[in-house]
Amino acid sequence: MDVQPAAAAAEPSPAAEGHCSSTPVWALLEQATQMKTEGNAFYRDKNIRSAIGRYHRALLVLRGLDSEVLSSVKGFGPERPPLTPEQEAALRNTQVDCYNNLAACLLQKESVDFARVREYSLQVLMRRPDDVKALYRAGVAALELGDAQTAKHYLTKACNEQPHDAKVKKHLQRAQEKLTQDLQKEKAMYRGMFSSNLKSGESISQSSKTGEV
């Protein structure tokens with residue numbers, strides 16, 4: 001679980017505030033950070049449903065500021081000025097933390113949606129490629145979804161970052177065992193096919209000798 005301190009909010013410049021047609025950017029960033037903090041508190045209290053709700057609300061606020069989202073809907077509604085580098089960094093940090101924490105929440109549920117865990121973890125890895133928790137969760141999700149090769153890739157990277165983490169090592173071993181089992185099944189299948197073809201060839205050869213068809 002990533003309960004990280006929020007990035008310190010700098011005071012918005014008068015020029016930036018003057019261009020905002022509604023709530024100032026920093027106010028919205030602080031609102032999203034506050035929702036993330038509330039989500040962290042709910043998570044610590046084992047209130048997973050409320051934690052998930054807070055993280056989703058934080059992401060919804062950030063979506064209204066995200067330049068990558070806004071560029072696809074340009075021309076609809078009032079436009080905001082571009083974010084400053086500090087604002088962009090604050091947005092991405094909160095966004096990534098929320099995705100990371102959502103994946104952690106889903107893994108606590110009775111019925112785990114591993115496809116969604118993978119989706120959220122990959123969102124984190126897009127911004128933080130070496131995030132150990134996201135690598136671990138992406139690996140676990142891939143393993144549970146039947147993709148042992150991808151699971152091994154993520155879990156190996158996580159293990160390189162934290163070689164003494166027992167959970168990472170345990171699931172990496174599971175992935176390696178699954179790959180070994182799959183390889184053995186594949187070899188057995190080909191042996192069976194080869195044996196079947198060999199017997200078929202012998203049968204045809206014997207039939208030719210006796211004149212049977």
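Ground rules first. The model is predicted, so local features need pLDDT of at least 70, side-chain atom pairs count only at pLDDT 80 or more, and totals for chains, interfaces and linings use all residues. Residues are numbered from 1 along each chain as its sequence is written, and side-chain values use heavy atoms, without hydrogens or water.

Let's start with the whole chain. It has nine helices and zero strands. Helices here are DSSP runs of H or I with at least four residues, strands are runs of E with at least two, and numbering starts at the N terminus. The protein chain has 213 residues, and 33% of them count as buried. Buried means under 20% relative accessible area, exposed means over 50%, and partly exposed is in between, with a 1.4 Å probe and protein chains only. The chain exposes about 13200 Å², with 52% of it from carbon and sulfur atoms. Those areas come from the Shrake-Rupley method with a 1.4 Å probe, and for residues only the protein chains shown count as cover.

Next, contacts, meaning heavy atoms within 4.5 Å. Take the contacts in the protein chain with a separation of 6 or more: 62% of them join residues 24 or more positions apart.

Now the core. In soluble globular proteins, nonpolar side chains tend to be buried together. A nonpolar core is a set of buried Ala, Val, Leu, Ile, Met, Phe, Trp, Tyr and Cys residues joined through side-chain atoms within 4.5 Å. The largest one here has 50 residues, and Leu29, Tyr43, Tyr55 and Cys105 touch the most other members. Several helices give two or more residues to this core, including α2 (25–44), α5 (85–106) and α9 (166–210). Which element gives the largest share? That is α5, with 10 residues. Domain 1 (24–73 + 81–111) and domain 2 (115–196) both contribute, so the core lies between them. The domain bounds come from an automatic or database domain assignment.

On to helix α2. It has 20 residues and reaches 29 Å from first C-alpha to last, close to the 28 Å expected. Expected span is 1.5 Å times one less than the number of residues. Its buried residues include Trp26, Leu29 and Tyr43. Among the elements covering the buried residues of α2 are α3 and α5.

Just after α2 comes lysine 46, in the loop between α2 and α3. Most residues other than glycine have a negative phi. Is lysine 46 buried or exposed? It is exposed, with a relative accessible area of 69%.

Compare helix α7. Its 13 residues should span 18 Å, and its end C-alpha atoms are 18 Å apart, which agrees. Of those residues, 11 are buried, so α7 is largely enclosed by the rest of the structure. Among them are Val132, Tyr136 and Arg137.

Last, the aromatic rings. Rings of Phe, Tyr and Trp (its six-membered ring) pair if their centres lie within 6.5 Å; planes under 30 degrees apart are stacked, over 60 edge-to-face, and the rest tilted. By this rule there is one aromatic pair. The rings of tyrosine 99 and tyrosine 120 have centres 5.8 Å apart and planes at 35°, so the pair is tilted. Tyrosine 99 lies in α5 and tyrosine 120 in α6, so the pair ties together parts 21 residues apart in sequence. Tyrosine 99 is buried at 18% relative accessibility. Tyrosine 120 is buried at 6%.
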